[in-house]
Amino acid sequence: MRTAIYPGTFDPITYGHIDIIIRALSLFDKLIITIAENSSKEPLFELEERIELISEATTDLKNLEVDHTGGLIVNYAKKKEAVALVRGLRFVSDFELEFQMAWMNRHLDDSIATIFLMPHRRYAHLSSSVIRDIAELGGDIDVFVPPCVSNRLKEKFAK
Ligand code: COA
């Protein structure tokens with residue numbers, strides 16, 4: 001049984017993330033989507049809301065688990081007996097930070113590989129912060145996020 005972890009902030013999950021999830025599920029027996037802490041980010045959505053939205057948005061997918069961790073991602077991966085971390089690469093500018101994280105994670109635990117997957121071209125320019133910005137300004141985000149996310153963003157910014 002080969003398990004992989006897809007870590008991230010998911011603030012909120014988008015179709016770009018789901019595209020990566022589907023690609024990863026074709027490579028591994030099980031995928032755990034793990035909300036992990038990025039100390040430089042202050043998420044709009046609470047942890048529980050992000051878990052709820054990911055679960056709802058991926059309800060039709062099998063061999064998937066949604067979880068969170070507050071510690072080092074490699075320690076978490078080891079505990080879950082995972083063999084790899086999955087990360088999405090959208091453009092060359094992603095590469096620098098991703099490369100640094102992958103090297104550091106390899107330094108911390110060489111037994112966990114980092115696998116980079118590219119989303120479909122239609123999602124290459126997507127990011128959660130762009131989605132939050134457009135939603136806050138009343139723009140249409142429905143082609144980029146599942147209905148549960150779109151509705152929750154509208155509710156949030158209507159307040
Ligand atoms: N579709 C849409 N957006 C995508 C995407 C895709 N396929 N792939 C990446 N992104 C976007 C995200 O939406 C996010 O956008 P935003 O910054 O505008 O919100 C951005 O790319 C990067 O986000 P994410 O993939 O969530 O990464 P992150 O940098 O927030 O998360 C962690 C990094 C949480 C995985 C990392 O800090 C971590 O592992 N933390 C745990 C602690 C640890 O072990 N630290 C040491 C690591 S070396």
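**Close-up 1. Helix 4 gives the most to the lining of the largest pocket, with nine residues.** The model shown is predicted; local features require pLDDT of at least 70 and side-chain atom pairs pLDDT 80 or more, whereas totals for chains, interfaces and linings use all residues. Residue numbers start from 1 along each chain as its sequence is written, and side-chain values use heavy atoms, without hydrogens and water. Helices (DSSP H or I, at least four residues) and strands (E, at least two) are numbered from the N terminus. At least two lining residues come from each of strand 1 (3-8), helix 1, strand 4 (84-88), helix 4 (92-108) and helix 5 (128-136).

**Close-up 2. Leucine 117 lies in strand 5 (residues 113-117).** This leucine 117 is buried, at a relative accessible area of 13% (buried: under 20%, with a 1.4 Å probe and protein chains only). Leucine 117 is in contact (heavy atoms within 4.5 Å) with Ile20, Arg23, Ala24, Leu27, Val86, Arg87, Gly88 and Leu89, leaving aside residues up to four places away in sequence. Between leucine 117 and histidine 68 there are 49 residues in sequence and 21 Å in space, C-alpha to C-alpha.

**Close-up 3. Helix 2 (residues 47-57) has buried residues Glu49, Arg50, Leu53, Ile54 and Ala57.** They lie on the same side of helix 2, because they cover an arc of only 130° around the axis, taken from the directions from the helix axis to the C-beta atoms. Among the elements covering these buried residues are helix 1 (15-25), strand 2 (30-35), strand 3 (64-68) and helix 6 (147-158).

Conventions: Buried means under 20% relative accessible area, exposed over 50%, partly exposed in between (1.4 Å probe, protein chains only).
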